[in-house]
Amino acid sequence: MATSERTYTDAEVEERLKKELPHWYLEGGWIRRKYKTNSWKGTLMVINAVGHLAEVAWHHPDITASYAWVEVRLMNHAAKGITDKDFALAKKIEEVVHWQPALEGGPLEGTPADDMRFAYIKHDKPKK
């Protein structure tokens, strides 16, 4: 069932991105994020993770990819702008793609950081 959704102004989008999603940016009416990977294997893993999340959420981004990067673009086509759906899916994508179990101190050790044979995503340093 389609409902009217609030769209955010560019200034509102920029403010929310700065506070909530500092590695995302607004360009051409889309919120965007480029994920750097170590190889084609990593690129495919990111694409598949984003695809799964988008399908479960029933909100689908545009994706562009190359050997060592994936760009995700979100905009609510039905609303013709950026809505809460875009921010919510961007947050979930960020959470999943950049998950580092080793930093949580639990039983999952995560991908070996010191062995490039297993590297697949280049984790961002926090923006200041």
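Which residue forms a salt bridge with Asp84, and how far apart are the closest N and O atoms? Arg16 is the partner, with the closest N and O atoms 2.8 Å apart. The legends below describe a predicted model, in which local features need pLDDT of at least 70 and side-chain atom pairs count only at pLDDT 80 or more, whereas totals for chains, interfaces and linings use all residues. Residues are numbered from 1 along each chain as its sequence is written, and side-chain values use heavy atoms, with hydrogens and water left out.

View 1. A salt bridge is taken here as a side-chain nitrogen of Lys or Arg within 4 Å of a carboxyl oxygen of Asp or Glu, and the structure holds 14 of them. Helices (H or I, at least four residues) and strands (E, at least two) are DSSP runs, numbered from the N terminus. Arg16 counts as buried at 18% relative accessibility, while Asp84 is partly exposed with a relative accessible area of 42%; buried means under 20% relative accessible area, exposed over 50%, and partly exposed in between, for a 1.4 Å probe and protein chains only. A salt bridge also joins the side chains of Lys85 and Glu5, at 3.2 Å from N to O, and this pair connects helix H3 with the segment before helix H1 (10-20), across 80 residues of the chain. Lys85 is partly exposed at 40% relative accessibility, and Glu5 is likewise partly exposed, at 24%.

View 2. Asp86 is found in helix H3 and is buried, with a relative accessible area of 0%. Not counting residues up to four places away in sequence, Asp86 touches Ile31, His59, Leu74, Met75, Asn76 and Gly81, where contact means heavy atoms within 4.5 Å. The C-alpha atoms of Asp86 and His59 are separated by 7.9 Å, although the two residues are 27 residues apart along the chain. The side chain of Asp86 reaches the backbone nitrogen of Met75 at 3.2 Å, and a polar atom of the side chain of Asp86 lies 3.3 Å from the backbone nitrogen of Asn76.

**View 3. Glu94 and its contact with Trp24.** Glu94 is found in helix H3 (residues 84-97) and counts as buried at 15% relative accessibility. Its side chain makes a polar contact with the side chain of Trp24 at 3.1 Å; a polar contact is a pair of N or O atoms within 3.5 Å, where within protein one atom must be able to donate a hydrogen and the other to accept it, and residues adjacent in sequence count only if both atoms are side-chain atoms. Leaving aside neighbours within four places in sequence, Glu94 is in contact with Leu21, His23, Trp24, Arg33 and Tyr35.

View 4. Strands count as paired if DSSP finds at least two bridges between them. Strand E1 (residues 25-27) and E2 run antiparallel and are joined by three bridges, with Leu26 opposite Ile31 in E2. The two strands form a hairpin with two residues between them, and Gly28 in the turn has a positive phi of about 60°. E2 also pairs with strand E4 (residues 69-74) in the antiparallel sense, over six bridges, and Lys34 stands opposite Glu71 in E4. Strand E2 (residues 30-36) is mostly covered, five of its seven residues being buried.

View 5. The side chains of Glu71 and Arg32 meet in a salt bridge at 3.6 Å, N to O. Because Glu71 lies in strand E4 and Arg32 in strand E2, the pair ties together parts that are 39 residues apart in sequence. Salt bridges that share partners join Glu27, Arg32, Asp62, Glu71 and Arg73 into one network. Glu71 counts as buried at 11% relative accessibility, and Arg32 is buried as well, at 13%.
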